[in-house]
Amino acid sequence: MPETRTKIARLVLVLDELLTLAEAHEKTELSRYRQLAFSFLTFDTSVSRLMASLGIQCEMRIEELQRVSRQLGLTDLPNSGEQPDAAQPYFICSPEMANDVLAQAVTDAEYSLRFHRHLREASAIPALYPALSVIIKQKQAEHAVLEGFMGSRSCLDLTKMAS
């Protein structure tokens, strides 16, 4: 049987496409973290503050992406036309629900990290590499913080159940 070789095509995005995708993704992340901060407000203010601070980090990344786009001569990035879905407000009301929502936040942070890594790989513009690398480092830290927080909550929950 003859061996067939498959070629993996490298996706290369145009500068404005890449920056538009990155900005739209961060706006979605910002919306998600704001929703999480609100949802945890009545259940656990420390989680609410953590989610709010992660949202602030998203705002800072959006500003940085806009600065880079201006620096590279793109005055207005094309708007994706999509607005993040306005999630229905809900409040966390049990430890089980809190753990489920936090576990999903860790999963979402991991997805976001992979997304930005793929964007960096798809960039053919050397000037974007430093900015995207900084975002990836921040996303790695974000994921680690959420995993660590989730791990520390699990330990606390287990000690509460034992007593």
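**Exercise 1.** Classify lysine 139 of this predicted model as buried or exposed, and determine which residue forms a salt bridge with lysine 139.

*Solution.* 
Step 1. The relative accessibility of lysine 139 is 0%. Buried means under 20%, so lysine 139 counts as buried.
Step 2. The salt-bridge partner is glutamate 29, with 3.6 Å between the closest N and O atoms.
Step 3. Glutamate 29 belongs to helix H1, whereas lysine 139 belongs to helix H4 (residues 129-162); the pair therefore ties together parts that lie 110 residues apart in sequence.
Step 4. Glutamate 29 has a relative accessible area of 5% and is buried.

**Exercise 2.** State which residues are linked with Glu29 and Lys139 in a network of salt bridges, and how many salt bridges the structure holds.

*Solution.* 
Step 1. The network links Glu29 and Lys139 with Glu26, Arg32, Arg61, Asp108 and Glu142.
Step 2. The structure holds 11 salt bridges.

**Exercise 3.** For the salt bridge between lysine 27 and glutamate 23, determine where the two residues lie and assign an accessibility class to lysine 27 and to glutamate 23.

*Solution.* 
Step 1. The side chains meet at an N to O distance of 3.4 Å.
Step 2. Both residues are in helix H1 (residues 15-40), with a separation of 4 residues, about one turn of the helix.
Step 3. An α-helix has 3.6 residues a turn, so residues three or four places apart point the same way.
Step 4. Lysine 27, at 39% relative accessibility, is partly exposed, while glutamate 23, at 9%, is buried.

**Exercise 4.** Compare the span of helix H3 with its expected value, and identify its buried residues.

*Solution.* 
Step 1. Helix H3 covers residues 95-122, 28 residues in total.
Step 2. From first to last C-alpha the helix reaches 40 Å, close to the 40 Å expected at 1.5 Å a residue.
Step 3. The buried residues of H3 include Ala98, Val101, Leu102, Ala105, Val106 and Ala109. Also among them are Ser112, Leu113, Phe115, His116, Leu119 and Ala122.

Key. Residues numbered from 1 in each chain as written. Predicted model: local features only at pLDDT ≥ 70, side-chain atom pairs only at ≥ 80, totals over all residues. Heavy atoms only, no water. Expected span 1.5 Å × (residues − 1). Buried < 20%, exposed > 50% of the residue type's maximum accessible area, 1.4 Å probe, protein only. Salt bridge = Lys/Arg side-chain N within 4 Å of Asp/Glu carboxyl O.
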